[in-house]
Amino acid sequence: MIILKKAKKSWEMYPIGSPKGAINTKRTPDFIGILKFKGKDENNDKSVSINKFIAKYEDEEKLLPPSEAIKLLRSQAVFLISKDEDMGEFLKNIGVEPRFTRICSHCVFEGNITIINRNFSYDYHNQKICKICAEETIKRELKLRGFDKKSYKNFKRILDKTGNLDEVLAIMDPKFDPIANSKLTLFDKINIKNDKKIPKIAIKRLKIPENFKNSLIEGNNSYLLPVQYLAIKEGLLRDENLLVVSATASGKTLIGELAGIPTALKGKKFIFLTPLVALANQKYRDFKKRYEPLGLKVAIKVGMNRIKDKEELKLPASDVANSDIIVGTYEGLDFLIRSGKSNILEYLGLVLIDEIHTLDDEDRGIRLNGFIKRIENIFPQTQIIGLSATIKNPKTLANSFNMKLVQYGERPVPLERHLVFVRNEIEKKNLIRKLILKEFHTKSSKGFSGQTIIFTNSRRKTHQIADYLTRKRISAAPYHGGLSYFKKEKIEKDFANGKISAVVTTAALAAGVDFPASQVIFETLLMGNKWISPNEFSQMLGRAGRPSYHDRGIVYLLPEIANRFDGESEEGIAISLLESDVENVNVDYTEDDVLEQLLADISSNSLKNISEIDDFYKKIPIPLDIDKAIDELYDKKLIDIDKLNNETISVTKYGKAVSVSFLSIEDGEFIKNSLKKPLLKNQTLNSKILEIAIDLEYFESAYLSPVIHKQIVNALKTNFSTRLFAESTLDIISSGETIDKLDKKFQESLLKLQVDFLRCECKEKPFCDCLQRGISNFIINERLKKRDSIDISRKLNKNYSIQTYSGDIFSWLDIIVRNLEAIKRIAIAYDNKEVLKLSKKLIKTIENS
């Protein structure tokens, strides 16, 4: 085939081979022919004719007779790029019937020809360009502008969607406005699909107690939501065990109440479990308000939280035994079970486990799994319901707990997901500001202004971003675990009442307190020192859009160009997350996990002899032979075996102390052996007990103050971690050269830090744990002087330029009390009255200071 293309004063001829497979295939012509024509002879009325024929080859040009051109044109299919009266007449005169086609104008510049059509071409500079050239142009521009090559996939997606290369390249322009061009930033939209097979059932038709039914209707629950209908269909009201998997805000929580409240009204206990104390407390308040008027007693059972402190909540000592509804954390209820006090939960009707995907959590998953198995074993008639929004392998999980699976994949409101690449922090903050304002000024059909959750990767950044927004006259607040209870509660109420446009938070809010936000912004895709996982991402974006408030949810990812961490670019991570599905929830035991859970099973009287243990653990994949595990617990005097009485196994006093304290076997042995060691020179028993408690868990959450960190960064022209105990930080702040470059005030702070905490002779200094132990001791000593967490935080900042948050200090003191409780229990097991007395005194002092 031959392509004829008109130039200024000539025609170009491109012989490119067979027409077969020519579309969207880049071809190099055998040569480029230049045809120069003689014009019409007006007197003789002759048509145009070839005056000169030049054939341009790669290395030479040949002047050929015009007859050769005519011969070629007659021998092949001829295609014109545009209509031309003279050329049409010329071809007709030589017996050639031309056809018309389009070619890529970009390829022609490079001496190639690509045939294109509407399906295989894109608009570019008012011309058409082929797929290959368009893709190569995008790749070239990405490289020039510093994008990671993994971001190409997103720009190719936009190209295919719009068919316009100009629009794609405009996105890379620093002047691009993502708010004005939201169609280009839109990655996808998850729409609602109304399942016509699911009928609309009125709450008033349910066979549940009338007073409960009226309470639901008064709370604007007139009809069952789809997932609620499916749960009832699968046996929710017939005591069936269920695993319910559906999107955030789809109505999962009410499923538990639909079964649990009627159970409680019949005199059985309803237990509602969550992973977090904050969530448990929120649900406790909610249940008290709604269900105590029905005559039900509501209790809360979480881990220890008895410390009196400014701006912190001291939870009530609830009467679990005489309560109808018990709201708690997993560990709060497992404590009762491990203590062998399961009789307190007599007539247990329903256990609801919210966020059951916590099974995949590295620190708490195995304990939750063991707890559920113990409940199943001790209370075989009890109904168990698990709730989650993020499980990829729900059938496997449901089977492992003998549950029926209830799955509903549709979101309650549509969700838009947008991807915007930013170049720096300034551009990012400005865009966040604009997005918040736009959303806040957008009212839903329900009359609510849009509110925003911004996820960032550190507590410090939550304050920095919130401060920036406040300066720009946007009502924003930082929210994280380091804040005091009352500060967090005020933010929650202000957000719920529409007084705050935006909350800036860490991953803590992903599975935390419910904020009715319409928009979620990912300021970064790092959380702490790792990239967000697909499950975390799903949890976070699930926060956008609530059916009671909003018409849709909207999510923005703002990866920074050239931002790399752990060998990955943020651009690549963003695209990977948007394309990802949630991950499988796997429960993987280590050998230490097997020992701890086996001890808990024995301590709780869930398993009473070797035969029961063998049968029970046959169903659980574990990395340790169960007989070896039994032998190890026996050798460490954690259990007794009565071989004369059906190989009955019982827990020792020491074993009980380890189990109810949620200690690993290793930590239990550490406490026991430490207490046996003689006192060191100048060491008191009181200080020894505190050292043991501290050595079990140092205080972690200490940072260089923002001012001193900024000054060091500017002085050394290098960035480094703000975490005080990070190796990079320890290396820098222990350098005399660094200290010399600081203002006198900060020099004094760092020198005092070294004098007070780093006067050790450790070979690893400053990378030893002396600084961390020293800060931990400082906090304890200040607490023993009756100072509260806020005062301790201020003193660390004033004396050493160390930033801490009062909520972190409060939480760590709670851990120390828990460790002291463990020491006290082990002391009781070995009848160590002196350690018992001092431990109790220390606990009381720390709790009541």
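This is a predicted model: local features need pLDDT of at least 70, side-chain atom pairs count only at pLDDT 80 or more; totals for chains, interfaces and linings use all residues.

Q: Leaving aside neighbours within four places in sequence, which residues is Ile-454 in contact with?
A: Ile-432, Ile-436, Leu-469, Ala-502, Val-503, Val-504, Thr-505, Ile-521 and Glu-523. Contact means heavy atoms within 4.5 Å.

Q: Where is Ile-454 placed?
A: In strand 21, residues 452–455. Helices (H or I, at least four residues) and strands (E, at least two) are DSSP runs, numbered from the N terminus.

Q: Is Ile-454 buried or exposed?
A: Buried, because its relative accessibility is 0%. The cut-offs are under 20% relative accessible area for buried, over 50% for exposed, and partly exposed in between (1.4 Å probe, protein chains only).

Q: New topic. What is the strand order in the open sheet of seven strands?
A: 15-16-14-17-18-13-19, with parallel pairing. Two strands pair if DSSP finds at least two bridges between them.

Q: Which are the edge strands?
A: Strand 15 (298–301) and strand 19 (404–408); each pairs on one side only.

Q: How many bridges join strand 15 to strand 16?
A: Four, and the two strands run parallel. In strand 16, Ile-326 is the bridge partner of Ala-299.

Q: What does helix 12 lie across?
A: Helix 12 (residues 330–338) lies across strands 14, 15, 16 and 17, at about 110° to strand 16. Axes are lines fitted to C-alpha atoms, for helices over the stretch in contact, and angles run from 0 to 180 degrees between N-to-C directions.

Q: Switching to rings. How many aromatic pairs does the structure hold?
A: 25. Rings of Phe, Tyr and Trp (its six-membered ring) pair if their centres lie within 6.5 Å; planes under 30 degrees apart count as stacked, over 60 as edge-to-face, the rest as tilted.

Q: What about Phe-495 and Phe-515?
A: Edge-to-face: 5.0 Å centre to centre, 70° between the planes. Phe-495 lies in helix 17 and Phe-515 in the loop between strand 23 and strand 24, so the pair ties together parts 20 residues apart in sequence.

Q: Which rings are linked into a cluster?
A: Phe-212, Phe-270, Phe-272, Phe-287 and Tyr-291, through ring pairs.

Terms used. Residues are numbered from 1 along each chain as its sequence is written. Side-chain values use heavy atoms; hydrogens and water are left out.
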